[in-house]
Amino acid sequence: MKYDASFKLKVVAFANSSNNSVAATNYGVNEKMVRDWQKSEASLKKIPPKKCAVKIGICHWHELENYLEEDDLLWRDSDEEEDDSKNNEDEVGSSSDSDLYENLFMLGDEQPADFEGF
């Protein structure tokens, strides 16, 4: 349930004059909410009375998105370089895909009957 700032401040004022348990019972909220609202009383006074959430500060999502985009571009560049080097190795005649799959089996393990390579 959402409670606006004016309600939270009423509960905090009542809790300060009596105690948290009585305030919680009187206003129909739990005691943990009362304690949390008491801790954030100063910020509750700064926001509009009809606003529910305390959202103070700036959003850092744009910085994170930019960082991830740069990181993604770096990974893509390194992947392209690796792909180029793999293509060069394949041209020389290194191991084929079936050779790679044969190396997956441990020594002494039997290969499945239907295994014919890749």
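In helix H2, the residues Asn20, Ala23 and Ala24 are buried. Around the helix axis they cover an arc of only 100°, so they lie on the same side of H2. The model examined here is a predicted one.

What, then, covers these buried residues of H2? The elements covering them include H1 and H3.

The two ends of H2 may be considered next. Just after H2, glycine 28 adopts a positive phi of about 75°.

Helix H1 spans residues 5-17, which makes 13 residues, and extends 18 Å from its first C-alpha to its last. That reach is close to the 18 Å expected at 1.5 Å a residue. Its buried residues are Ala5, Phe7, Lys8, Val11, Val12 and Ala15. Viewed down the axis of H1, these buried residues fall within an arc of 160°, and therefore they line one face of the helix. The face of H1 turned away from this buried side carries Lys10 and Ser17, which are exposed.

The packing of H1 leads back to the helix in question: the buried residues of H1 pack against helix H2 (20-27), and also against helix H3 (31-39) and helix H4 (41-46).

Key:
Residues numbered from 1 in each chain as written. Predicted model: local features only at pLDDT ≥ 70, side-chain atom pairs only at ≥ 80, totals over all residues. Heavy atoms only, no water. Helix = DSSP H or I, 4+ residues; strand = E, 2+ residues; numbered from the N terminus. Expected span 1.5 Å × (residues − 1). Buried < 20%, exposed > 50% of the residue type's maximum accessible area, 1.4 Å probe, protein only. Arc of directions from axis to C-beta. Contact = heavy atoms within 4.5 Å.
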